[in-house]
Amino acid sequence: MNNPKKPLMLVLSSPSGAGKTTLSKKIQQSDNSFEISVSHTTRKPRPNEVDGLDYHFVTKKNFELLLNQNAFYEHAEIFGNYYGTSKSSINQITQKNNNVLFDIDWQGSQQLSKFKQLNLVKVFILPPNKEELEKRLIARNQDDKEAIKRRMLAYSKDVVHQIDYDYVLVNDNVDDCFNKLKKIISKHLQI
Ligand SMILES: Nc1nc2c(ncn2[C@@H]2O[C@H](COP(=O)(O)OP(=O)(O)OP(=O)(O)O)[C@@H](O)[C@H]2O)c(=O)[nH]1
Ligand SMILES: [Mg+2]
């Protein structure tokens, strides 16, 4: 008999640079029943990013077309670009009875919460403090000064949404945070 359990839908959100992308990749590597939901975005790919793997990179026109076709479970505009979780990406994962990992913002998490039939577990990741976050954003060398300034401004607005999450973890040390996350996952996988 197939596993009758509903797939676990683990949502990770955080202010920019708190490390959720790293954490989601670690989860996927340690437990192959988890697949990361590949979002659609109108943002330009970064040199290390692969279309279809990191994101489905689409034009604004195509995104709007999909939106009109009701193709998304949720979508949001972040730093001037659109991001969205397509129903077909999620169906592909759940058809295999796999669990889903979402690296999405609070707006997406809020929209997914409306689908009461989903087995959602929402985790908000915090950086140790604001100064550390700025250091990380500079160290990862991915954004120019303006973008870092924008991300730091967004920080205060993002953190207020932690109250809507089931768990809040501080990512002081990535291995410690990962271990805490693994405990949360195993607790919910047993239910
Ligand atoms: N609502 C929603 N948010 C998304 C989706 N995909 C990605 N995001 C969020 O969009 C924000 C920007 O993501 P990216 O453009 O990849 O940039 P990043 O440098 O990885 O950003 P951070 O992970 O926040 O540091 C992040 O907070 C993601 O979690 C989506 O499908 N829906
Ligand atoms: Mg990220």
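Predicted model: local features only at pLDDT ≥ 70, side-chain atom pairs only at ≥ 80, totals over all residues.
**Entry 1: the ligand**

I began with ligand 1 and asked which residues come nearest to it. The shell holds 21 residues, and S39, R43, Y55, Y83 and D103 are the nearest of them. Sorting the shell by residue class, I noted five nonpolar, eight polar and eight charged residues.

Next I looked up polar contacts made by side chains. R43 has a side-chain N or O atom 2.6 Å from an oxygen atom of ligand 1. For D105, a polar side-chain atom lies 2.8 Å from a nitrogen atom of the ligand. Q142 also reaches ligand 1, with a polar side-chain atom 3.1 Å from an oxygen atom.

How much of the accessible area of ligand 1 does the protein cover? I wrote down 95% of the 610 Å² that the ligand has on its own. I also checked which elements give two or more residues to the shell, and these are α1 (20–30), β5 (72–78) and β6 (81–86).

**Entry 2: the five-stranded sheet**

I then traced the open sheet of five strands, which runs β2-β7-β1-β8-β9 with parallel pairing. Which strands stand at the edges? They are β2 (34–36) and β9 (167–170); each has a single partner strand, so one side of each lacks a neighbour in the sheet. On average, neighbouring strands here are turned by 25 degrees against each other, direction ignored.

β2 and β7 (residues 99–103) run parallel and are joined by three bridges. Within this pair, F34 is opposite N99 of β7.

Then I looked for a helix on this sheet and found α7 (residues 174–190) packed on it. Helix α7 touches β1 (8–13), β2, β7, β8 (119–126) and β9, and its direction makes about 160 degrees with that of β9.

**Entry 3: the four-stranded sheet**

My next stop was the other open sheet, with four strands in the order β4-β3-β6-β5 and mixed pairing. Its edges are β4 (56–57) and β5; each has a single partner strand, so one side of each is left without a neighbour in the sheet. Helix α3 (residues 87–94) packs on this sheet, where it touches β4, β5 and β6. The direction of α3 makes about 35 degrees with that of β6.

I picked out two of the partners: H75 bridges to G84 in β6, and E77 bridges to Y82. The hairpin has two residues between the strands, and F79 takes a positive phi near 45 degrees there.

**Entry 4: other local details**

Where does N70 lie? I found N70 in the loop between α2 (60–68) and β5.

Last, I checked both ends of α5 (residues 130–139). Just after the helix, N141 has a positive phi of about 55 degrees. I also jotted down that Q142 is one of the residues whose side chain reaches ligand 1, here at 3.1 Å from an oxygen atom.

Terms used:
Residues numbered from 1 in each chain as written. Chains lettered and ligands numbered in written order. Heavy atoms only, no water. Near = heavy atom within 4 Å. Polar contact = N/O pair within 3.5 Å; in protein donor to acceptor, adjacent residues only side chain to side chain. Areas by Shrake-Rupley, 256 points an atom, 1.4 Å probe, with all protein chains shown as cover. Nonpolar A, V, L, I, M, F, W, Y, C, P; charged D, E, K, R; others polar. Pairing = 2+ DSSP bridges. Axes fitted to C-alpha atoms, helices over the stretch in contact; angles between N-to-C directions. Contact = heavy atoms within 4.5 Å.
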